[in-house]
Amino acid sequence: MSTPGIDPRGPRFTAAVTFVIFAVALLLSDARPGVAAVLTGVQAVFFAIGAGLGVQKTPTGVLFRSVVRPRLTPPDHLEDPAPPRFAQAVGLVFAVVATIGFATGAVLLGQVFAGFAIVAAFLNAVFAFCLGCEMYLLGLRLSPKSPTSGG
Amino acid sequence: MSPKPLDNVVTGIVILLLAVFAAAGFGLYRRRVDGRFAPSAVDETPAPAVEDPSAWASVNAAVPGAELGEQATLVQFSSAFCAPCRTTRVVLADVADRHDGVAHLEIDAEEHLALVRQLDVRRTPTTLILDRSGREVTRAAGAPRREQVLAALPHLQES
């Protein structure tokens, strides 16, 4: 609430780059799974930085602030960085599985997880919709433990 | 760069296309339904929790200090990792501010999971509109626009 807030277009720019990286990885995955593994591996590192240090610290976050944002109009509102940071952690899981798949020859596994990541990145970049954030409440609801609710 | 057999290069392309189409379809669908208050949750499909006249009773049990609005109450469920919840908070607080008898109550879904299950809240933000007796009139998932909220307020609809 009182956190400074970030330009909401930053995470969307990051998602657009994520989309491109996963898309190229998928296109190359059948012929060159090793290259695909490198791409998703690099993306996994980006996700890890975003989840661990915050979305503003990722290479794409830095690129957005230093190169893209100065060319845009000022944002009409700022957003809490916590949701996109959480989404980076979700993305990290998918990128790691995809990388393992491509690197170990389980190419289809890598492709499926890259596909899921593509869905999330596309929704984020085009619709500003955070899939991981939505799954969060569903996950909590499904989890067996039912903590303090009575008040 | 040796030539590759064609049937071995298409899986990635197919998955990429499927993912993009699925995402675009889902995104367009969501854009259409987000923030839309279900036309009439009361006379259509009788979802169990939705028709419960004691929606407010459940809310009040979980959030003891809360007060029911004289005309209507906007009950907003939010969570930490939810950017549209902020927008929704601004819109609903403003509506409550400008209209006498309308109260806005924001509930952290994470802290009240039992209530979330009881009222069958699946996403944040979800906004329930309760009438003066505390009965749920309608609800919307996703951030509603101001006009959508005003159009759904029961005491503003009649006459």
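## Aromatic pairs

Two rings of Phe, Tyr or Trp (its six-membered ring) count as an aromatic pair if their centres lie within 6.5 Å. With that in mind, let's look around this predicted model: a search of the whole structure turns up eleven aromatic pairs over all chains.

One of them is formed by F94(A) and F116(A), with 6.0 Å from centre to centre and 70° between the planes, an edge-to-face arrangement. This pair links distant parts of the chain, 22 residues apart: F94(A) sits in helix α4 (residues 82-104) of chain A, and F116(A) in helix α5 (residues 107-127) of chain A. F94(A) has a relative accessibility of 24%, so it counts as partly exposed. F116(A) is partly exposed as well, at 47%.

## A pair across two chains

The rings of F129(A) and F26(B) also make a pair, with centres 5.6 Å apart; their planes meet at 70°, which is over the 60 degrees required, so this pair is edge-to-face. Because F129(A) lies in the loop between α5 and α6 (131-142) of chain A, while F26(B) belongs to helix α1 (residues 10-33) of chain B, the pair joins two chains.

## Helices α1 and α5 of chain A

Back within chain A, helix α1 (residues 9-29) packs with α5(A) at an angle of about 150°, their axes lying 8 Å apart. Angles over 145 degrees count as roughly antiparallel, and α1(A) and α5(A) are therefore described that way. Their crossing is left-handed.

On the α1(A) side, the residues making the contact include A15(A), F19(A), F22(A) and L26(A); on the α5(A) side, A114(A), I118(A), F122(A) and F127(A) are among them.

## A closer look at I21(A)

Helix α1 of chain A also holds I21(A). Its relative accessible area is 15%, so I21(A) is buried. Which residues does I21(A) touch, not counting those up to four places away in sequence? They are L39(A), Q43(A) and F46(A). For L39(A), which is 18 residues from I21(A) along the chain, the separation between the two C-alpha atoms is 6.5 Å.

Methods:
Residues numbered from 1 in each chain as written. Chains lettered and ligands numbered in written order. Predicted model: local features only at pLDDT ≥ 70, side-chain atom pairs only at ≥ 80, totals over all residues. Heavy atoms only, no water. Phe/Tyr/Trp six-rings, centres within 6.5 Å; stacked < 30°, edge-to-face > 60°. Helix = DSSP H or I, 4+ residues; strand = E, 2+ residues; numbered from the N terminus. Buried < 20%, exposed > 50% of the residue type's maximum accessible area, 1.4 Å probe, protein only. Axes fitted to C-alpha atoms, helices over the stretch in contact; angles between N-to-C directions. Parallel < 35°, antiparallel > 145°, perpendicular 65-115°, else oblique. Left-handed = near helix turned anticlockwise from the far one by under 90°. Contact = heavy atoms within 4.5 Å.
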